[in-house]
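Please read the points below with the sequence and the model open beside you. They are meant as a colleague's note for someone new to reading structures.

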Amino acid sequence: MWDTLWTDIHVATADPALISDQDGYGCIHHAAIGIENGRISWIGATSDLPDAPQNLAHKIHSGNGLWMTPGLVDAHTHVIYAGDRSLEFAERLNGVSYAEIARKGGGIISTVNATRTVSEDELFDVTARRVRRMIAEGTTTLEMKSGYGLTLQDELKQLRVARAIGASLPVRVHATFLGAHALPPEFKDRQDDYVSHLITDILPQAVEEKLIDSIDGFCENIAFTPDQIERLFIAAKDLKIPVRLHSEQLSNSGGTKLAARYGALSTDHLEYVVEDDVIDLAHAGTVAMLLPGAFYFIRETRMPPIDLFRKHNVPMGLATDCNPGTSPSVSLTGIMNMACTLFRMTPEETFSAVTRIGAQALRLQNITGHLATGQAADMLLWDIASPHELSYWIGGRRPVQRIFDGKLDPVI
């Protein structure tokens, strides 16, 4: 017998095998889902169940006619940090320039300093509070980057916190090493030396402690050059660690072509990519990870080229980009709404973006991100009229029930 059987539900599966031009959600109406050992053992129309429900499972739950979806996948976050930058937001709106804020010790360096100051336990506590809010909003899989430590001790501290979050909260965690996020004060005017430090000192220790699942960098005119990022990617390739990249957010600096050449899992932001870049992403099978929260918050005016991604069949993902400086967001359904209103993505596209494509960007598509036999039973129950409603509400929508790894989990 199965451990659990869910009945009286409609299911938006996000399963590529069920998605069509007529149904972009992969729906099964009047459905049932059997769960055994944390995995989906059966899914289909209730009328196709092989026996009466009471003969099939130890526990039976009724969804009372509500909608079930996969758990949401947030594949780009900077959620591990200490400190607060809400005052900077107010200062900018009162006419203080970003440069002046930085001169006073604000900006990313203020987050670096705050993150360095706290203990690992304190960093875990402040991060866990944010992650619990993400969980309550429907996130079941979460990418978590370092990049606010920028020293051996503090980068490892962030990555250990990521592992601890995955071990103690009901969420799947993918930990990303983002040492090439910004230049720390100790390496002022010595970018190449800092990249060498990342490669020879920090990366080997992080690998030895099994703290990272991928490597990221910020390739931009205010951050690191393609040549510097390539040195990092070569090291990653030698270690057989997948890469991803922040690229083309503020200018076309060549990062996307580099990422495609190294088979990156995703390239993220992408407001300034051109068609040649998009073709390279298509050939590489790289996900275009779009971050409308940052686009909205910094009042960017150049949109990522959605029509080019469609034209060349580049998979489009969405993430919160949760961070203290440019995207203080924890709600993926809120991000879905932003993607529809700001980028003119369709509701069906945004649904796939935060489920199966988000999972693909973390190389977890064979575990989570859609509902099918053999997949993890990471699921959400929603009181909605249809899946379109998930991207309809400004500010997002919360699930009424959460199932993680097959277990009923109260929404935190």
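At which residues does UniProt place the feature "binding site"?

1. The unreviewed UniProt entry places this feature at Tyr148, Asn323 and Gly325; UniProt positions are given here in the numbering used for this structure, feature names are shortened, and annotations may be inferred rather than shown by experiment. These residues span 178 residues in sequence, yet no two of their C-alpha atoms are more than 11.6 Å apart, so they gather at one spot. Among them, Asn323 is part of the lining of the second largest pocket (on a 1 Å grid over the protein atoms alone, a pocket is an open set of points with protein on both sides within 12 Å along at least five of seven lines, and lining residues have an atom within 4 Å of a point).

2. Before going further, please keep in mind that this is a predicted model, in which local features need pLDDT of at least 70 and side-chain atom pairs count only at pLDDT 80 or more, while totals for chains, interfaces and linings use all residues. Residues are numbered from 1 along each chain as its sequence is written, and side-chain values use heavy atoms, with hydrogens and water left out.

3. Tyr148 is found in the loop between β6 (139-145) and α5 (152-168), where helices (H or I, at least four residues) and strands (E, at least two) are DSSP runs numbered from the N terminus. Tyr148 counts as buried, at 3% relative accessibility (buried means under 20% relative accessible area, with a 1.4 Å probe and protein chains only). Leaving aside neighbours within four places in sequence, the residues in contact with Tyr148 (heavy atoms within 4.5 Å) include His78, Tyr81, Thr115, Gln158 and Asn323.

4. Asn323 lies in the loop between β12 (316-318) and α12 (332-343), and this residue is also buried, at 4% relative accessibility. Not counting residues up to four places away in sequence, Asn323 touches His78, Tyr81, Tyr148 and Pro328, while its side chain reaches the backbone nitrogen of Thr326 at 2.7 Å.

5. Thr115, one of the residues in contact with Tyr148, has its place in helix α3 (residues 108-117) and counts as buried, at 0% relative accessibility. Beyond its neighbours within four places in sequence, Thr115 is in contact with Tyr81, Ala82, Leu123, Tyr148, Asp154, Lys157 and Gln158.

6. A last point concerns the cysteines. A search of the whole structure finds 0 disulfides (a disulfide is a pair of cysteine sulfur atoms within 2.5 Å). For Cys27, the closest cysteine sulfur is in Cys340, 16 Å away, which is too far for a bond.

Conventions:
On a 1 Å grid over the protein atoms alone, a cavity is a set of points where a 1.4 Å probe fits but cannot get out, and a pocket is an open set with protein on both sides within 12 Å along at least five of seven lines; lining residues have an atom within 4 Å of a point. Buried means under 20% relative accessible area, exposed over 50%, partly exposed in between (1.4 Å probe, protein chains only). A polar contact is a pair of N or O atoms within 3.5 Å; within protein, one must be able to donate a hydrogen and the other to accept it, and residues adjacent in sequence count only if both atoms are side-chain atoms.
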